[in-house]
Every structure is written in C-alpha cells, then in structure tokens.
Amino acid sequence: MEAAVFILSLVDCCALIFLAVYFVITLSDLECDYINARACCSKLNRWVVPELVGQALATVLMLVSLHWFVFLLNLPVASWNMYRVWKVPMGNMGVFDPTEIHNRGQLKSHMKESMIKLGFHLLCFFIYLYSMILALIND
Amino acid sequence: MLGLWVFVFTVETFSNQSVPLCSHSVSVKEQHALNPGPSQNPVALQPPGPGYMAHQTPYNPMQAKGPMPPGPGLYNSGPYQPVPPVSSNQALPGQPMLKRPPMGPQHSMTPPQSASPNPGSRIPPAHATPPPVSANNYQHAPAWQYGGTPPMGAPPPMAMPPLRPAGNHMTSSPSLATPQASSAEYRATPPVFHNAMQPLCPPTSLQGYTQQGSAPLLMNPMAAPHSYQPGMRAPYGGPPPSVRPTPPTTGPPMGNATPPLGPKTDGHMPTPGNGAQVPNSFDHLEMGPKMAGPLPPQQPSPPTRHMGLSYPSLPPGYQNTSAPPNAATMQHPVQPSTQPYSHPQPYQQPSAGPAQLSPSLSGLSLQSQTPEALRVVNLLQERNLLPLGPVTPPTPCLPQDLQKINCHPEVFRSTLTSIPQTQSLLNKAKLPLGLLLHPFKDLSQLPVVTSSTIVRCRSCRTYINPFVTFLDQRRWKCNLCYRVNDVPEEFMYNPVSRSYGEPHKRPEVQNATLEFIAPSEYMLRPPQPAVYLIVLDVSHNAVETGYLDVVCQSLLENINALPGDSRTKIGFITFDSTIHFYNLQEGLSQPQMLIVSDIEDIFLPTPDSLLVNLNECKELVQDLLRSLPQMFGKTMETQCALGPALQAAFKLLSATGGRVSVFQTQLPSLGVGALKSREDPNQRASAKDIQHLSPATDFYKKLALDCSGQQVAVDLFLLSSQYCDLASLGCISRYSAGSVYYYPSYHQQHNPAGVECFQKDLKRYLTRKIGFEAVMRIRCSKGLSIHTFHGNFFVRSTDLLSLPNVNPDAGFAVQMSIEENLVDMQSVSFQAALLYTSSKGERRIRVHTMCLPVVNSLSDIFAGADVQAITCLLASMAVDRSVTASLSDARDAMTNASIDSLTSFRTSVLTIQQPGLLAPACLRLFPLYILALLKQKAFRTGTSTRLDDRVYAMCQLKYQPLAYVMLMIHPALYRVDDLTDEGALNVSERTIPQPRVQQLSVEKLSRDGAFLMDAGSVIYLWIGRNCNPNFLTQVLGLPNYAAVPLNMNMLPELDTAESQRTRAFVGWLREQRPFFPILHVIRDESPLKASFLQNMIEDRTESALSYYEFLLHIQQQVSK
C-alpha cells in the first residue's frame, strides 16, 4: 500500500517536473523573443490547472497516507497554486496574461517561480524515491 | 516580426539635394579631417556655421545650469564663438554665399533661445498639423519682436517663418522651384520630405535648412533654425520659429543668400557645408559652462530679455517668475500671496538670502558653482514657483556637438537627463527612470532617406545613428551594443555631397530623427491599403443623442481627405440588437442593407462587397451617409450588441487589417461582451476606495489581441450619458493600439458645446496622418532594460510593441531599469524605431535616437531631473497601481515619490542642512505637480467623480503625449482682461499676446478681471463680477456682467483690438493641440463654475489639502 502511494506520487512528481521544465523553457523562449507573448501565455495557461491538480493530488495522497512531513512540505505549494489562480483579475486571460507579462518584471518573477518549483519537485522526487524504496524493502 | 525589422533600402533619391550640397560637403570634409576620432560625426553635423555660433553662446547659460560632470575641460566657452564664425567664413571659400553670414541673425536669435534649452534639438518642432506654432515661448516672442521687427522689413522671410514651419517651406519652395525641378518634387511630397533632402546635411537642422533651402528656403531657413531651438525648449516646437524675427542682421544676409541660391544650388550648398565644418572647432568651445557672459556682447539687449522671460530656469528669468519672496514682491505687487507662506517664521531661511540674491545678479550662471538646476529652493518660503512661460525640459550635459543633434525633447524625453551609473544609485535618488515618446508626432521637417542599404548593427540590429563612432572609414562601432561593424560599400558614398569616403556625413549619421523608406521586397506581405470600417450604434438611445448626423456629415465632408490612395477601402456596420451590414458593391443603384440577427454566431453575409474601394464606390457611400441618419429615426430597439458587432468588424478586416471606428452610446447588453452596470452613483464621493477600475471581462482584451494579430486597430468613441463601463470597453482600444474618445452627456440639443467638440475632434480624427501595420522597437544601450510599458499597444516581445495603427497623437512611456552597471560609459543611447505602412502604401521606418550622459553622483542626477517627464511617468505608474492594487495605494505612492526624492536630496546632496522644505530648482514644481495629480480626476477622492470620467482620465494619462498630459494635470491660468501686445508672439502675421501664467489659486482671481484657464481639453473663461466693462463690451460684446449667458461657448468676432487679441490668444492655444478644446465662458452662477474651481489645485477643498498644507505634510515626512 505504502509503496503504491509513493509510486503514484513519483509518477505525479515526474509529470510536475516535466511541467516545470516546460514552463521554464517556454518562458525563456519568450525572454529570448522566439515566441510571442500571446502564444506563450496561451500555452502556459493551458497547463496551469493540470499543474494545480497534480500538486493537489500529491498533497492529498500524502495526507491520506498520513505522511505528515511530506504533506506539510507540499501544502504551501499547493495552496500557492490555488491562490494564484483564484486571484486572477476578471479582466485577465489567466495566470499568464500576454498584456501584462512584459510589465513590471512579471516575466522574471514567473521565471523565478518556475525555477523554484522545479527545484522543489526535484527534491520531492528524491524523497518519494527514497520512501518508495524504503517501503518496497519493508514490504 | 523580426522579418519586418530587417529591411534594405534601395532607392537613391538624394540626387536633387545632393547637387547643392556637393561643394558644401567638400569643405566640410576637410575640416573633419582635422578632427580625429568619433567626435567627428557630431561635429560635422553641428556646425551649421556662424549661426550656430550664436546659438552656442546662448547655451552657455544652460550648461551652467546643468551639472557639468565631465569637467570644464570639455567645454570651451568664450573662444568658441569667435572661432567658429571665422572658420565658417573661411570654409565658405569663395562662396558668394554670403547667405551664411545672414545666419548671423540667427545667432542673435539663438542667444535668447539658447538660454533656455539647447539648440541641439534638431527635430523640427513644428507639427504637420496646423498648430505648429507652439505657444511655448511666450516670452521669446516679445523679445523677438523687438529685435526682429526692424529687421523684419528687410527680410520678409523672417517674419514668415515663425508662423508655420511647414507652410513656409511649402511657400518658399515655389520660389526656389525655379532653379530646380527637383525642388518641386519635394514640395509635392510632404513638407517633411523636402526638408529631408536639404537636411541631409542638416544634421543640425538649421544648417540643412539654410543650405538646401538655399534659394527657396531663404525664408524657411531662417525660420527653421529659429524654430528648432525654440522648439526644443518649448513643448510645442513649432511656433517658436516665429520668434525668429529678431535676426535683423540675418535678414539681409538671407536675402543675399537667396539670390545666389536661385542661380545655383551648389553655391548655396557650400555655405551650409561651411557651417557644418565650423562646428568642429566649436564643439568643444561651446560647452563652456558659463557662456552667458559672452552672449550679451553679441546681442545684449535681446538676450537678456529673452533669457528672463523664456527660460524660467535661468536665474534672471527665475527672478521674475518665481523669484524669492523678496524679489517677487518687489517686482510684482500682486505677490501678496507670498505672505501666507512666509508666515511660519521658523521656516524662513536666513541663508536663503544668498541664493536669492544670485539670481538678481545679472548673473547668469557665473554666480555660483552649483548649477542652476541644483539651486536650493525653500518651497515653504518661495511661493511663486511657476515660470513665466512654459516649463522647459533640462538639457542633457552632453558635449555641444552631440547635444545639437540629439533627439528633440518633444519626441523623446527622459525623466533623468543624466543616467545614473548603477541601479543602486538610481534607487538612492528615488526618482523614476523612464522615457516618454511621441514617435509619430507630426513634424514639419523630417529627413527621409531612400537607400539601397539600411545600415544596422549586425548583432543588435540598431540603425546607424549620429551617436555611433567611426573607428576608421571602414568600421563603425555600435553605440548600443558596442559591436564593431563594417561600413558597407554603398554607405561610403554620400549621395548628398556626391562624394566618396565619408560615411560620417551621410544623413543617417547626421540626424537623430529620420525616416527610411523600405522597399517592398522586404515586407512580410504587400503593404496594406488604408482600410476604414465605421461601426455605428443605432439603438434607440444612440439615435436619441443625434450623433449619427454629426458622424455622417463629418464623413461626407472629409471623405476626400481621408488618408489613403487609390486602394483605400471603406465599409459600414450598424448594430442594435442585430448587426446590419451594407453592401456597397459597384453597380448597385443604392446601398443594400443586410441584417444578421444571429448574434451568437456572427458571419459575413457577402464577404466581398462589404468593404469597397472608396474611389470606385464613392457615390454609393455618399448615398448611404446621407440616408443613414434617417434610416433609424424611429427605431424602438433599445438593446445593443456591441460584442458581436466588434466580432463582425474583426472578421471583415482580418484579411487586410485597418482601422475600426466604433461609436457607442450605452452599456452593451446583448451577446458576447455584454456588461452590467458596476457603478453605484451614491458611492461616488463617499467610497473609501474606488472599485471596478479593472475590466469586468476578458472578452474585449482577447478580441483586441486577435485584432492586433491581424493588424486591426479599434478606436472607440463613447458618447453616453450613463455609465458605460469604459474600464472594460476601453480594453478593445488599449490593446489594439487604438484610441478612446469620450464625450460624457453627449446630446444634440442639450449639449451643443459637446457637439461642437465632437465635430472638430472627428474632423481631426478622420484627416490626421495614420500609419498601418506598425511595430515599434525600443532599444537601449547594453546594461539598460525596459521594465514596464505604458500606452495603447500590445507588447509582443521584450522590446517590441505591436501597433496595428499608429497616429500622431499617441504617446508612449517606458520605465527603465539598470541591469548592469554602466561603469566606463560616457553616455548611453536609446533608439525607437517605428516601422509602419503609410496611407499611401509605402513601408517606412522612422528612427529616433537619443543620447544621454552617464553620471555617478547623486547631485548630477538631481540636476538632470526633468520634473514634467517625471510627473507624467509617475502618473502612468499610478494608473497601473490603481488598477492592480487600489487607488489609495496609488495616491500614497505618488505622495511618497515626492517625499522620498526630496528626502534623498536633503540627505545626500545638501551639504548644509537648513530648515524648511528644500528642493533643487529643477524639482521645485514636483510637489505642486504631485498635488495636482492627487486632485486630478483620475486620482481624486472625496469628490463625486463618475467612474467613466475617472477611467477616461486614466486612459489619457497613459497614452497622451507629455505636453497635453501636463495641461491636464496642471492647467494654465492667464489673466486676459488686460492683454497687451507687449511681449507678444508674432506668428504668421498675427500678434499673439502672451500673458503670464498665474498660480492656480482663487486668490489669484480678482473680481475685476477675466481669467482664462487652459486645461488641455477644455478652456474656461471666468468673468469676475466687477469685470472691467470695457472687456465685456469689447471682447464679449455684452453690455454688463449680468448679461453674460450661462452657456456661452464662443467669443464674438468683434472688430476691436481687445477682441482680436483675446481671440488670437485663444486661437493660438487651440492650435497647439490636435484636438479642439471647447471654450466655456463662465461666471459665478454658471454650473461649470465648480469644475473650474476644481482645477484650482493650490487651494484647499473639503477632501484635499491645499498646496501649503501639502508642503507641510511633505516637510514633516522629509525631516523624519
């Protein structure tokens, strides 16, 4: 059971890592002017909700399997994801708004956020991996 | 997009001009040879000749003001003048072109001007638009007249120039035409072009004029130089030229010059060339910080006058206007106002004495070591801070040669004319760093280059510009990325002079503002035709306002004046709860209306015939326009489906791109994009914070981005009496680079003033220049980057703005940040390149380049602060802040901006701590402007302000050019019951009185006077209860005060001197802006009195501080 939870988390985490890398790549494409803001934002906005779901899934999994430490580790990230979707102004086209992304250093802060998430997911990846192996051994 | 930016220019058209220039250019070369190094370029450009010399002298004072970071060594003061003239003359070798000497008069002229700003601006101030005559230099005008009048007789041209630069050119050209067929061609083209030709050499615009103009320009040349300098200073460059009259001496020479020119352009050209050469020697000299001294000798009388009047910043001028209390009282009995401020004894600065005295000294800059801009002003003590005339932008402390060719401040302006070396230094100064642009401004002269190769940096794609360095003849170093590039073979040949091997003389390297013509081979698609689509609201509410008549009438009248060529297309859509299309295909006997009632899924009924060629189907179009107002006369349909109508418009234009003009009168209520009223009128005044400043839906934004992608711009005309949710609707224009026009309470019968205003604006809107499928890229030197953009456009990538349409009335602002330290750099450059398709189907690139010095001390940063630019940038930032955060946040931020910068000045720059609220002279108006912003419609609280009014004011703050925004923020108040011709401006044979600007305080109003308040989009004429009966009868044509009607919107045309003066003044104010400000004559009982009094920003209101209280508040915070 425990092993199954961590295997699932691991898969989930891999997906989140890929997503984070995708975000970073797309944002840096925008930074380098390879794609335009409209295309970039519509690409990214499409993945905001899946990312949120993936992160929430991992959090819930940890909660139901009563791994408090990992749960608490995941909780802030999950709530941040929800908060940022929730606070999008009505007139904006999503978390990433093509008309705003070049203003007030938003591009940079999005970039920073994605990098931090990437680091976080990598950390989680190893935690899950370790826990999974541990669980498999224990079984 | 990138593809667009890479263009090659193939055509060579200079030949015409080149002829005259040749000889001239040659001489120039020689001189250049003497000068080694990069400086050559600038030099060549600058040295117009003797004329310049004069200019320089005047400048000195200016320089003095500025901090001279580089050190005195750079600038030679005295010697400079003498030298240049000599050199120029010499250069002239053999040239009969004594004309040059005529320039001499210019010199005289210049001095006054010089005092104010730099001559440097080469950009022609004049706008293409009629109003070119800028009001800016009120003071100048008088001076000019004095000087000029006598001379005027001799050189008629002189008189002419002032009036309209553009017009002059045109007129003059004919005379010239005789010699050259080519000249005729030029004329045909926009005035600009013609300039361009000559200008080639004109790096210094002045030179260009004289030279090329040779024959024809005689008149113009004179004007041109004048205009330039004044223009630079003045917000509205255009007018200043008029001042020119002064140059009596020049006048004669001019005349001389002309004759020679007529015979042979060549001869003429040489003269200019000489001028150009001369500069080399000058450049260094000119910079002398304290030229003031020398100036007087040349033209003693006029200069002093000018100085004081025109340039408030100068010590003498300052005295008059804002003089310290003592001086002020002395000079102006009126001054009692000072007393209130002075009362707080503690604040009085004993020490202030010296500072105040200094100005009194004839002073000029000699007085003290600190530049005028840094002169310490105790705001609590000095009440009268407003300059007599317009507030002039500071001059960057660049070597004179560079400054002379620098971009005109009306086009390109920086909040800090000295760029801090590091971000931390910038943070310390607490001033925003940013640029304000007006890139598509109507210019009276603009060099146009058609060339086989457009030379650009290979790594950063910067266009070659006057601020690059030529390492040798074959290599140039980019001033933005510092890459060394090869000079292409074609560039070695100078078509202007027909000489080889002097790339630094090419027009591209001589002009900071110029236009390239891009050949069609390099376009992504063939240039689009001009396409106009009119979308009209015809619901019951709309018909009721009666706007359809006005729109159709205006279109009928101006249908031939719409910019375009034989391919121009036009189409119409009307909508209420359904969408109506009009089939105007050729061959139909009358327009055919097609109704689409399925607004959920909009389709085009006959895709081919809805947009028709205007020339082929003009009759049908006219038929439609004539019948349209009646067609819906009895409609009872109250719903309005704006969203679907916009979708239909987008579909119709997506194949070609173009302009959609939407006329809307109510909240859209049907289909996609329907909105609900979000405003609670009862909360207007009481609400703690203003809600609903951001859009309610992203529909309009998405559609705008779709439009932007298809090169469609949407202009929105909102004519409504109720809430329309401009915050949501405005997005459609904001992101598609359109513009928004709002006429609150528009009604044909009930609001005749609004109707007149709408009519005039519509005329301007329909006939003004337009650029299609445009993009603008703003590049800046390595180390700087753009942080935030303000204006109407879509930012497509980090420095690329997508502008489906660009119009001459659009302004832009960007905030910059310093990413890498600018150590080791003397200067940084900014380049804005606007690529657009003209209405004639020509692909053009307009390039503006500005160069600014880098400094490493806080005091230098403060000395270079441009208070107007800072205010405008802060206003834009505050608009963003109120939308993303809240209005109160934005208000706090603005107040803090003034507190922080003054604190920083006090702690870091001032060595001696004095009591009081101390500000550098260049920022003395900063707290006043901030207070004005807090009381501006956009940001005020506590006063009942309709949400739409507020949002519209915010839109305007963001996309209007600086000059208009400043009037919106801080209106100008004049006393007009005692207008005299003294000090008047002479513009195109009209005498424009120049009353001085009064403080915006009720205490300045006197019951026995009449006051004119110019608030940008509206002008109020307030009549005092005991107003001079003479004024009432002679100007208003009314027997007494009681007879003043409550709604009076025009001045009767009476044949009295007073009436003529007043009308000339009002007319002149109106000419300075593209749109028509309505005049309201008001008296105490008038309903509009409230809005008049709301502009009295120095006074206390129920909810806002008075200026003095505000200062006390700031002082408290500063001394914490």
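**Where chain A meets chain B**

In this predicted model, 22 residues of chain B are in contact with 19 residues of chain A, contact being heavy atoms within 4.5 Å. Residues are numbered from 1 along each chain as its sequence is written, and chains are lettered from A in the order in which they are written. Local features need pLDDT of at least 70, side-chain atom pairs count only at pLDDT 80 or more, and totals for chains, interfaces and linings use all residues, while side-chain values rest on heavy atoms, without hydrogens and water.

The area buried between the two chains is about 1800 Å², and carbon and sulfur atoms give 52% of this area. Buried area is the accessible area (1.4 Å probe) lost on putting the two parts together, summed over both.

Across the interface there are 5 salt bridges, each a side-chain nitrogen of Lys or Arg within 4 Å of a carboxyl oxygen of Asp or Glu. One of the salt bridges joins the side chains of A:Asp97 and B:Lys701, at 2.8 Å from N to O. On the side of chain B that touches chain A, the residues comprise 7 nonpolar, 6 polar and 9 charged; Gly counts as polar, and Asp, Glu, Lys and Arg as charged, whereas Ala, Val, Leu, Ile, Met, Phe, Trp, Tyr, Cys and Pro are nonpolar.

The residues A:Pro89, A:Asn92, B:Ser694, B:Val883 and B:Thr884 lie nearest the centre of the second largest pocket, which has 46 lining residues. A pocket here is an open set of points on a 1 Å grid over the protein atoms alone, where a 1.4 Å probe fits, with protein on both sides within 12 Å along at least five of seven lines; lining residues have an atom within 4 Å of a point. By class, this lining has 19 nonpolar, 16 polar and 11 charged residues.
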